[in-house]
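Colleague: I have the sequence and the structure open and would like to go through them with you. Where shall we start?

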Amino acid sequence: MYHTPTRSKLEQIAVEALTCSHSGSCCTRVKPNRSNTEAAAGRMSEGDSAGESIHGKPSVIGSFFSGLGQVYQSWLDKSTPFYAVRWGVTLLLTFIYMIRVYLLQGWYIVTYALGIYHLNLFIAFLSPKVDPSLLDDGDEGPALPTKQNEEFRPFIRRLPEFKFWHSATKGIVIAMICTFFEAFNVPVFWPILVMYFIMLFCITMKRQIKHMIKYRYIPFTHGKRTYRGKEDTGKTFAS
């Protein structure tokens, strides 16, 4: 005898079928494709490595100038103890520059600016690092010795000798480079510049000498006492 399924059983079968169909479609959509994932990861890693190669490493020009600066600094460090050689090269460059200006009959304004720059460097070289006039009202800070029996204090310059030489040499080189450009050849009456520079030099040096006399210091380290131990006579004493 054939029995037709009841309404409740038919509804249960339909619900189960719909549930399975929905779960299968969801699983199909959620399940990732392994090949697509690996390809995307490979593209990301390639992009990261490319970005690091572009932004992480310095450029060729930057590396060149960095290496050039290191070589230049190493040569400066090696030339530090050779005072006579350094200043001899600077005087030679000055002589070459003066001959060039004399032959070209121009660039007097550049020469005047170079002279003013060297004068400022020379005054800073002769001046103490701590101005004694600032120490008159108080007892703070080191003072220059004014008596012979006082403790020896070396003269500390505002501009050390090596920096003075380096800046003076760079000024000469820059002035030499300027003589190759016509834009810096400003027409001036050079005797006026010479007279003005001589007057400025005399006034500046007079003021510096008065400052040295007033505060009783000399811009050179001298007079340091040296102590010698007892000489070894080679004699032995028996007890």
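**Trp-87 and what follows**

Colleague: What does Trp-87 count as at 24% relative accessibility?

Modeller: With that value, 24%, Trp-87 counts as partly exposed. Buried means under 20% relative accessible area, exposed means over 50%, and partly exposed is in between, using a 1.4 Å probe and protein chains only.

Colleague: What should I know about the model itself?

Modeller: This is a predicted model, where local features need pLDDT of at least 70, side-chain atom pairs count only at pLDDT 80 or more, and totals for chains, interfaces and linings use all residues. Residues are numbered from 1 along each chain as its sequence is written, and side-chain values use heavy atoms, with hydrogens and water left out.

Colleague: Back to the residue. Where does Trp-87 lie, and which residues is it in contact with?

Modeller: Trp-87 lies in helix H4. Helices are DSSP runs of H or I with at least four residues, strands are runs of E with at least two, and both are numbered from the N terminus. Setting aside neighbours within four places in sequence, Trp-87 is in contact with Glu-161, Phe-164 and Trp-165. Contact means heavy atoms within 4.5 Å.

Colleague: How many residues apart in sequence are Trp-87 and His-166?

Modeller: They are 79 residues apart in sequence, while their C-alpha atoms are 9.7 Å apart in space.

Colleague: Which rings are linked with Trp-87 into a cluster?

Modeller: Ring pairs link Trp-87 with Phe-122, Phe-125 and Phe-164. Rings of Phe, Tyr and Trp (its six-membered ring) pair if their centres lie within 6.5 Å; planes under 30 degrees apart are stacked, those over 60 are edge-to-face, and the rest are tilted.

Colleague: What does the count of aromatic pairs come to?

Modeller: By this rule there are 8 aromatic pairs. In one of them, the rings of Phe-122 and Phe-164 have centres 6.5 Å apart and planes at 40 degrees, so the pair is tilted. Phe-122 is in helix H5 and Phe-164 in helix H6, so the pair ties together parts 42 residues apart in sequence.

Colleague: Phe-122 and Phe-164, then: buried or exposed?

Modeller: Phe-122 counts as partly exposed at 28% relative accessibility, and Phe-164 is buried at 10% relative accessible area.

Colleague: What about Phe-181 and Phe-184?

Modeller: They form an edge-to-face aromatic pair, 6.4 Å centre to centre with 75 degrees between the planes. Phe-181 is partly exposed at 47%, and Phe-184 counts as partly exposed at 39%.

Colleague: New topic. How many helices and strands does the protein come to?

Modeller: The protein has 7 helices and 0 strands. Buried residues make up 19% of its 239 residues. Among contacts between residues at least 6 apart in sequence, 86% join residues at least 24 apart.

Colleague: Which residues are in the largest nonpolar core?

Modeller: There are 12 of them, including Tyr-97, Trp-107, Tyr-112, Ile-172 and Ala-175. H4, H5 and H6 each supply at least two residues of this core. A nonpolar core is a set of buried Ala, Val, Leu, Ile, Met, Phe, Trp, Tyr and Cys residues joined through side-chain atoms within 4.5 Å. Leaving out neighbours within four places in sequence, Ala-175 is in contact with Tyr-97, Val-110 and Leu-114.

Colleague: Where does Trp-107 lie?

Modeller: Trp-107 lies in the loop between H4 and H5 and is buried, with a relative accessible area of 7%. Its phi is near 60 degrees, a positive value in a residue other than glycine.

Colleague: What about phi of Arg-216?

Modeller: Phi of Arg-216 is near 55 degrees, also a positive value in a residue other than glycine. Arg-216 is in the segment after H7 and is exposed, with a relative accessible area of 58%.

Colleague: Which residues does Thr-204 touch?

Modeller: Thr-204, in helix H7, touches Leu-119 and Ile-123, not counting residues up to four places away in sequence. Thr-204 is buried at 12% relative accessible area.
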